[in-house]
Structures are given as C-alpha cells and as structure tokens.
Amino acid sequence: MKLSLQFRSALVGALTVAALASPALAAKWRGWNIHPEGYPNTTAMESFSKAVGAATGGKLTAQVYNGGVLGAQPDAIEQVRAGALDFANFNLGPMGPIVPMTNIVSLPFIFNDVTQMHHVMDGPVGKAFSDAMAQKGIVALSWFDSGSRSFYNTKHPIYTPADVKGLKLRVMDNNLYVQMVAQLGGNATPMAYGEVYQSLKTGVIDGAENNFPSYDSSNHYEVAKYYSIDNHLIIPECLCVSKKSWDKLTASEQAAVQKAAIDAAKLQRDLWAKQEEASLKKVEAAGVKVNHVKDVAAFQADMKPIYAKFEKENPQFKALIEQIQATK
Ligand code: GTR
C-alpha cells in the first residue's frame with residue numbers, strides 16, 4: 001500500500017513535469033517594461049522571466065525589454081491586446097481609456113493609503129478589474145505596488161491648491177488627470193513618460209507627478225527640484241499577459257506562469273518598500289526640497305466635481321466605488 005502510494009505520487013510528479021516541459025507549441029514571449037535596470041519592477045519582471053523558463057523546461061521563454069525601448073505605455077497596451085507583445089508591467093492609469101472600470105483607481109484620493117489599496121486589489125474589486133481587463137484581451141496575473149504619486153516642479157514648493165495655479169504639469173494619458181490638474185488651476189499636458197525629462201529641462205512643462213522611485217530613476221529630480229507630498233494618486237500596477245498568448249498555453253503552463261507572476265509580485269512589493277526610502281534619501285541628498293502640502297483636505301475638496309461627473313457618467317461603477325471606500 002505504502003509503496004504503491006509512493007509510486008502514484010512519483011508518477012503524478014513525472015506527468016506534471018512532462019506536461020510543463022511539453023507545451024502545445026514552443027513559444028518565445030516578448031515583454032514590455034518601462035523601467036530601467038535595478039528598479040523594483042524590472043527585477044521582478046526579470047525574475048518572472050526566469051521562473052517561466054525554468055518551469056517550462058525552456059519551451060516557453062519570456063524575454064523582458066526594459067527602459068520602454070518597445071514604445072510608450074498606451075501603444076504597448078494596444079500591442080498586448082493585439083498579441084504583438086506577450087506580457088508587460090502596466091500601470092492602471094493609462095489602462096482607463098481602454099478598460100473604463102479601471103478608471104476608478106484614477107479618481108484622485110480614492111485610496112487613503114497603500115494598505116487599503118492592497119486589500120481592495122487582493123479582494124473582489126481586484127477580481128472585477130481583472131475580469132474587465134480580460135474582456136479587452138489583457139490577463140492580469142498579479143498586482144504590483146506603485147506607491148503614491150505627488151507633484152514636483154521646477155518653480156516652487158506647493159503648499160496649497162493656489163500654488164498649482166498656472167503650472168504646466170505633465171500627466172499620464174487619461175482625461176481624469178487633466179481634470180485633476182484643471183481643478184487645481186494648473187494646465188495639464190498628457191505626454192509619454194520618456195519625453196518628460198527633456199520637456200522639464202527645456203521648460204516645455206514646469207512639472208509632473210509621480211512616486212519617489214520613478215522621480216529618482218527617471219532623473220526628473222535633477223531638473224525639477226521641488227517635490228510636494230499630497231499623495232493624490234495610489235495606482236496599482238499589473239503583471240499582465242496578452243489573452244492571445246495566454247490562450248495558447250496548456251492548463252499546466254498557465255498554472256506555472258500564474259505562479260511565477262504571483263511570486264514576482266511578492267518580490268516587487270518587498271523591493272518597493274525599500275526603494276521608496278532609498279529614493280527619498282537620494283533625491284534629498286541631491287538638493288531636492290521635499291515638503292508636505294499644508295492641508296490635504298483642501299486638495300481633496302477640489303476633486304469633488306470630478307467624482308460628481310464620473311459618477312453621473314458611470315452609474316454602473318457606483319457600487320464598486322462604495323465597496324472601495326468601505327474597505328479598510
Ligand atoms: C510610473 C509607472 C509607469 C508609468 C510612469 C508614468 O510610476 O510605474 O508605468 O506609468 O509612472 O508616469 O508614465
């Protein structure tokens with residue numbers, strides 16, 4: 001009895017390895033990543049690539065191209081949908097125009113803190129988002145951290161909404177951010193991430209908004225020396241796979257890729273927390289003036305019309321918004 005059980009489990013083990021090592025088709029996946037070497041997301045994407053190769057005995061290879069060399073984020077999202085790219089680390093900000101439900105996380109101040117965002121994304125709301133994304137051809141396998149975003153600029157610290165007045169600020173490609181800056185009296189310019197450094201340097205824009213690790217790794221801190229913490233956006237990111245590529249995998253390959261994505265997200269979240277501190281120290285040492293805005297409530301109050309408009313135009317998302325707000 002004992003022997004036959006051992007034999008059974010050895011057989012199951014051997015079958016699993018055989019299944020993983022024999023995909024329906026050998027495939028070479030290409031992945032999009034906007035960040036440079038050493039950034040937490042890059043390290044996590046590289047570990048995902050390695051794990052996928054190892055788990056499939058090299059039949060499925062997943063090569064990630066870093067630094068945004070495969071193009072700007074909105075284009076990359078379209079390419080993943082079309083199956084021209086196989087996987088990516090996307091921010092849900094530029095996902096909004098394609099998957100309207102994900103616009104909910106682009107409502108300024110929707111999350112109080114990162115812990116609440118985790119609880120939301122790891123629960124039913126996260127599941128609703130991934131279902132909506134899958135319908136648009138994007139399979140979200142795990143959620144990465146992206147900290148919280150605040151404004152930085154070349155002119156002066158921002159303490160009150162009045163300090164935003166007249167500033168030309170770069171935003172990601174989503175009309176909600178244009179509205180957000182307009183509500184504070186600034187002028188928003190949607191622009192590709194890769195163009196921001198030069199635009200800050202030449203004065204085409206006065207500022208932008210991002211988390212500390214991106215402000216650091218993009219070198220924006222070298223040219224825009226005032227970083228003012230208001231934490232207006234806490235946007236989750238995904239490790240996503242093209243549905244076209246995903247559907248070609250066997251069930252056991254999908255399980256292996258899913259596990260690699262969950263492991264990559266755990267690694268990313270660990271590295272993220274450390275990187276936030278390291279980047280803050282680095283930019284301060286480089287002469288950046290970091291300040292907290294005086295009254296976050298004043299910024300939040302200015303966002304009320306955005307919520308009213310969004311809720312009027314998207315009554316179908318009311319319940320989800322309330323679910324998020326009720327999550328601790
Ligand atoms: C970063 C994010 C990128 C990209 C970038 C941007 O924080 O990780 O995916 O969205 O911001 O501002 O374009």
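Visitor: What is the bridge partner of Ala27 in β2?

Guide: Leu60 is the partner of Ala27 there. This is a predicted model, where local features need pLDDT of at least 70, side-chain atom pairs count only at pLDDT 80 or more, and totals for chains, interfaces and linings use all residues. Residues are numbered from 1 along each chain as its sequence is written, and side-chain values use heavy atoms, without hydrogens and water.

Visitor: How do you know that β1 and β2 pair?

Guide: Pairing takes at least two DSSP bridges between two strands. Parallel strands β1 (residues 27-32) and β2 are joined by 6 bridges, so they pair. Strands here are DSSP E runs of at least two residues, and helices are H or I runs of at least four, numbered from the N terminus.

Visitor: What makes Asp206 count as buried?

Guide: Asp206 has 13% relative accessibility. Buried means under 20% relative accessible area (exposed is over 50%, partly exposed in between; 1.4 Å probe, protein chains only), so Asp206 counts as buried.

Visitor: Where does Asp206 lie, then?

Guide: Look in the loop between α7 (196-201) and β8 (207-210). Contact means heavy atoms within 4.5 Å, and leaving aside neighbours within four places in sequence, the contacts of Asp206 include Tyr152, Lys155 and Leu167. Leu167 is 39 residues away along the chain, yet its C-alpha atom and that of Asp206 are 6.0 Å apart.
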